[in-house]
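Hi everyone, thanks for coming. Let me put the structure up, and then I'll walk you through a few spots.

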Amino acid sequence: MKLGILALGLIAAMPVTAAAQQLGLLFEEDLGGVYKQWWTGAVIGADPASGVLVFVRGDGKSGDFYGVLSVDCVTPEFSAWVAEGGVISTDAIPGPAIDAVRAEACGSP
C-alpha cells in the first residue's frame, strides 16, 4: 500500500509530458447548490496486460482523489484501479466520470 501511495505521489508531482495525453475536465459532478466535484484525467501510457493507463484526479467539495485506472477497452469489466489515494474511495466515483474516462482513453463516444 505504501508503495502505491509513493507511486501516486510521484505521478501527481510529474508535469504532463509529451508522452502523456492530457484529457482535461472529464466530468463535473453537481453536489447541490454551489458545490461541485471536478474529475480530470491524463492518459499516462499503455498497459501491456489490458489497454490504457489513465491518471484520474477528483477535486471539489467531496474531497480529493487521485488514482491510476487500467482501462480495458475491449472488456470494460476487466478495468481495474492499480493505484489510488486521497479522501474519496473508488466506490464513490460517479459512473458518468468513469464512462468519460473510458470513452476518452479508448476513443469511443
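So, which residues of α2 are buried? They are A97, A100, V101, A103 and A105, where buried means under 20% relative accessible area, exposed over 50%, and partly exposed in between, with a 1.4 Å probe and protein chains only. Quick housekeeping: this is a predicted model, where local features need pLDDT of at least 70, side-chain atom pairs count only at pLDDT 80 or more, and totals for chains, interfaces and linings use all residues. Residues are numbered from 1 along each chain as its sequence is written, and side-chain values use heavy atoms, leaving out hydrogens and water.

Back to α2, which covers residues 95-106. Helices here are DSSP runs of H or I with at least four residues, strands are runs of E with at least two, and both are numbered from the N terminus.

W39 and F65 make a tilted pair, 6.0 Å centre to centre with 55° between the planes. W39 sits in strand β2 and F65 in strand β4, so this pair ties together parts 26 residues apart in sequence. F65 is buried, at 0% relative accessible area. F65 and W81 pair edge-to-face, at 5.2 Å and 80°. Together, W39, F65 and W81 form one aromatic cluster.

Conventions
Expected span 1.5 Å × (residues − 1). Phe/Tyr/Trp six-rings, centres within 6.5 Å; stacked < 30°, edge-to-face > 60°.
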